[in-house]
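Work through each task before reading its solution.

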Amino acid sequence: MLSSALPRNALVRALNSNSFRPVAKEALHRSRAYNITTKPISSSRCLCTLTSTSHTMIKHEHKRYNSPDIQLVQKRSNFSFAGPRKLSDILKVELLKDKSNTEISDMWMTYHEGKEKVHGIVMDGKKGRNLLSKAAQCPFFIQPVFRGEGHFMIVSQFQTPNYFLLALLEDYKMDPAAAQPILTVSVFDDLAETKDVVLLRCDIINRGIEDDEGYKLCQNLINDYLEFEGVHMFNKKPDAFDVDEFVKEKEQKWNE
């Protein structure tokens, strides 16, 4: 379940917002049909090194989702984590010593190109550390997803040290203990000091969320935390957070 520290005043207004326009039944069903609510999503992975010279520093992931090896991310939450927990699960970090941040960034983006429901993002070290610092201060936020003439809401929670977990707000409303993540965002700051680069990865878990929707959610989440004003208000001054205005602004940008 989500932490009891969730700013409930803002959350309730998000659920009852005047601007809330539920998506068509079939569209919402498409989003919810694959939502796992009976048991935590978990993953196990066999890691092997690719033999190609251009990929000698990348580890390849083979995922299955029926293993109980990964359970709760934190004691206070039933959210489980399906993406790589550590940068070393993806990259041979020890072999990056002589690589520039540009080379590392190119390697990261190239590795994630063409992967289904997975996206790589890169930012400089200072900005990435700033993102993590703000997320630790204000761990909760909301994001609308627009479909047709309506939208549904997503709630996000940051869990230390480096992860955002996003779930359907409607699932939280029905049963916080059963709300499962539809998307995760990992922020790897291992190379922030030595290479001035932070590597991010977005894993779209729920098949009812389209690839472009998941990527927009990830980008919007990152941008909102870097801008921070709305995130800070939602967490620290929830009575002052205008949900209707927030949704209206997001709708204008959604199709840009």
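A nonpolar core is a set of buried Ala, Val, Leu, Ile, Met, Phe, Trp, Tyr and Cys residues joined through side-chain atoms within 4.5 Å. The model examined here is predicted.

**Exercise 1.** State how many residues the largest nonpolar core has, and examine the surroundings of Leu-183.

Solution. Step 1: the largest nonpolar core has 44 residues. Step 2: those with the most contacts inside this core are Ile-154, Phe-164, Leu-166, Leu-183, Leu-200 and Tyr-225. Step 3: with residues up to four places away in sequence not counted, Leu-183 touches several residues, among them Phe-164, Leu-166, Cys-202, Ile-204 and Leu-217.

**Exercise 2.** Determine whether His-112 is buried or exposed, and identify its contacts.

Solution. Step 1: His-112 belongs to helix α3 (residues 101-112). Step 2: buried means under 20% relative accessible area. Step 3: His-112 has 4% relative accessibility and therefore counts as buried. Step 4: neighbours within four places in sequence aside, His-112 is in contact with Val-118, His-119, Gly-120 and Arg-201. Step 5: His-112 and Arg-201 are 89 residues apart along the chain, and their C-alpha atoms are separated by 8.7 Å.

**Exercise 3.** Describe how helices α7 and α9 pack.

Solution. Step 1: α7 (residues 211-227) and α9 (residues 243-254) pack at an angle of about 125 degrees, and their axes are 12 Å apart. Step 2: the two helices are therefore oblique to each other. Step 3: on the α7 side, the contact is made by Glu-213, Lys-216, Asn-220 and Asp-224; on the α9 side, by Phe-246, Lys-250 and Trp-254. Step 4: sorted by class, this contact has 2 nonpolar, 1 polar and 4 charged residues.

Notes
Residues numbered from 1 in each chain as written. Predicted model: local features only at pLDDT ≥ 70, side-chain atom pairs only at ≥ 80, totals over all residues. Heavy atoms only, no water. Axes fitted to C-alpha atoms, helices over the stretch in contact; angles between N-to-C directions. Helix = DSSP H or I, 4+ residues; strand = E, 2+ residues; numbered from the N terminus. Parallel < 35°, antiparallel > 145°, perpendicular 65-115°, else oblique. Contact = heavy atoms within 4.5 Å. Nonpolar A, V, L, I, M, F, W, Y, C, P; charged D, E, K, R; others polar. Buried < 20%, exposed > 50% of the residue type's maximum accessible area, 1.4 Å probe, protein only.
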